[in-house]
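Hi,

Here is the structure I said I would pass on.

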Amino acid sequence: MSSNFNCRRQVLKRGAIALLSLAAIPIVVLPQNAHAGSAAKSDFHYQNSPHDGKHCSECTAFLPSSQSQNSEGTCRIVAGPVSPLGWCMAFSSKG
Amino acid sequence: MHFFALKWSRHLLIIIVATISVSSAAPANAVPAFARQTGLECTSCHVSWPELTPTGRQFKLNGYTLGERQSFPLAGMLQLSRTSTAKANPANAGDFPRDGDVVVQQASVFVAGKISDHVGAFTQWTYDGIDHRASIDNVDLRYANRIDIAKQALIYGFTLHNNPTVQDVFNTGPAWGFPFGSSSVAIAPNASTAIESLGQQVAGTGAYALWANTLYGEFSSYRTADREFSLLRTGTDRSSDAALKGNNPYLRLALQHEWDDGAQSAMIGAYRLSVDRYPDNTNTTGPIDRFRDVGVDAQYQYITDRHRISMQINTIRETQDWMASTQSNPSDVLREIRGKIGYYYDRKYGANLGYFSIKGNSDATLYNTGAADTGSVSGSPNSSGYILELDYLPKRDVRLMLQYTEYTKFNGAKFNYDGFGRDARNNNTLYLLAWLMF
């Protein structure tokens with residue numbers, strides 16, 4: 001009983017250490033990187049015009065330009081400049 | 001009858017109250033790690049989790065790296081369930097553990113998400129509320145990158161995982177196929193293929209590529225998760241873990257097409273896994289048993305905000321060469337087919353209908369265990385049936401599921417399959433699940 005208990009504790013401890021170590025890698029080792037996405041626009045059916053009235057400036061993944069609301073921004077998902085009036089299949093409404 | 005209904009109502013109430021309590025206790029921004037990373041809501045990547053949409057498949061193929069890296073890429077999962085078997089056998093209560101009880105089926109912690117620009121992880125640590133045991137669950141570590149060839153994107157990557165098909169992006173294979181949630185205490189048919197029986201016991205290393213969002217290919221190799229790979233089976237029951245000889249190849253090819261701006265997608269694919277397994281996992285020398293699984297699968301999805309239709313079919317043919325074990329036959333064959341069609345309205349109300357069948361030649365040594373409830377007096381592995389499932393997602397991270405499994409055949413027969421008078425229909429199961437992600 002005691003041996004099983006100790007064994008279970010060891011397993012739990014190893015698992016917890018493994019998970020926490022993995023979780024800590026981004027914090028400890030790696031620098032914070034840019035927020036913009038890296039996926040190909042074509043893989044997400046990106047278009048420069050709205051789709052059924054939906055457009056990127058209403059999407060939770062859209063990162064607007066600091067210059068003006070009408071300027072091209074970027075996106076957490078796809079790479080490159082993104083039109084606030086654009087759309088892709090990952091669209092997720094802010095509302 | 002009234003008592004049965006009252007008992008179910010009470011348990012239903014307990015599960016719903018517990019669900020709402022836990023859900024309400026979570027902070028407003030407590031969403032799964034991937035959703036926090038991408039900023040997308042769950043239903044962008046999932047038809048209903050865990051089934052992936054084309055966006056979800058892209059996220060996985062890109063190595064879980066899309067979006068903003070989180071300082072604490074943690075998430076949690078809780079499953080509360082109640083299983084009711086049509087006719088439990090009081091004489092063999094051990095075959096029906098916790099039948100009729102509300103149980104914490106699983107509680108999981110995930111470390112999941114972007115680690116660097118090209119490296120991401122999906123790792124799960126699970127507490128099993130039935131066995132009261134905590135162990136590693138599904139793991140998929142990835143490196144992914146993209147190059148453009150002739151104006152077409154080629155996504156390529158490498159994966160280290162611990163469950164065959166957990167790395168696959170389609171919801172046809174054993175790891176992510178329907179049913180997405182099921183009872184862990186109900187009696188199950190005693191025949192299963194190798195590819196669905198190696199989870200959390202093996203280390204899989206592989207390379208994959210998707211060209212022009214159309215042609216997908218993967219090659220992986222599986223070996224026993226020991227030595228430097230032992231972390232991939234941490235906490236599992238070593239006495240029953242598989243011991244494989246050397247490296248065991250897995251090949252996967254699929255053709256997919258998306259149209260209607262990604263609202264519709266279809267895939268047809270095939271895969272092959274060869275496994276050489278020692279019959280005694282404590283003796284990794286000498287002869288092995290050889291399993292060859294060949295699968296053909298297909299999938300179609302129609303996804304809009306209002307209507308979602310999803311269909312999958314998967315077939316596996318397995319040849320088993322008993323070169324080390326002593327069975328009734330020198331070799332056996334299993335043929336498995338699973339299919340499902342599902343519909344979701346408003347991403348909230350869903351219904352799924354599934355069919356399953358596993359057939360093969362009789363092998364008395366292999367399947368006729370002589371046990372009541374779980375045995376097969378004919379030595380036949382044949383089982384088949386239907387699954388009807390209703391889903392309700394009151395919130396994007398809460399799923400209530402009512403699932404009914406009906407067996408038309410169990411372990412070789414419709415009636416008296418175990419030789420002790422038990423019929424296939426006695427194993428029909430009503431299963432209620434409250435599934436929370438946070």
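To start with chain B: how many helices and strands are there in it? Chain B has five helices and 16 strands. Bear in mind throughout that this is a predicted model. With a radius of gyration of 22 Å, close to the 22 Å that the globule rule gives for 438 residues, chain B is as compact as a globular protein of that length. Its C-alpha trace spans about 60 × 60 × 40 Å along the principal axes. Buried residues make up 48% of the 438 in chain B. As for contacts in chain B between residues at least 6 apart in sequence, 65% of them join residues at least 24 apart.

Next, a helix. Helix H4 of chain B covers residues 54–61, and eight of its eight residues are buried, so the helix is largely enclosed by the rest of the structure. The buried set takes in B:Arg57, B:Gln58 and B:Lys60 as well as B:Pro54, B:Thr55, B:Gly56, B:Phe59 and B:Leu61. After H4(B) comes B:Gly63, with a positive phi near 75°.

Strand E3 (residues 119–128) and strand E4 (residues 133–149) of chain B run antiparallel and are joined by nine bridges. Across that pairing, B:Phe122 sits opposite B:Asp140 of E4(B). The hairpin of E3(B) and E4(B) has four residues between the strands, and B:His132 there has a positive phi near 50°.

E4(B) also pairs with strand E5 (residues 152–161) of chain B, again antiparallel, through ten bridges. Here B:Ala144 has B:Gly157 in E5(B) as its bridge partner. Two residues lie between E4(B) and E5(B) in their hairpin, and B:Ala150 in the turn takes a positive phi of about 50°.

In soluble globular proteins, nonpolar side chains tend to be buried together. The largest nonpolar core in this model has 78 residues, and those with the most contacts inside it are A:Phe44, A:Ile77, A:Val78, A:Cys88, A:Ala90 and B:Ala112. Strand E16 of chain B (residues 429–437) gives this core its largest share, seven residues. There is also a second, separate core of five residues, among them B:Ala191, B:Leu334, B:Leu366 and B:Tyr367.

Cheers

How values were computed. Residues numbered from 1 in each chain as written. Chains lettered and ligands numbered in written order. Predicted model: local features only at pLDDT ≥ 70, side-chain atom pairs only at ≥ 80, totals over all residues. Buried ≥ 20, exposed ≤ 12 C-beta atoms within 10 Å, placed from the backbone. Rg over C-alpha atoms; globule rule 2.2 N^0.38 Å. Contact = placed C-beta atoms within 7 Å. Pairing = 2+ DSSP bridges. Core = buried A, V, L, I, M, F, W, Y, C linked by C-beta atoms within 7 Å.
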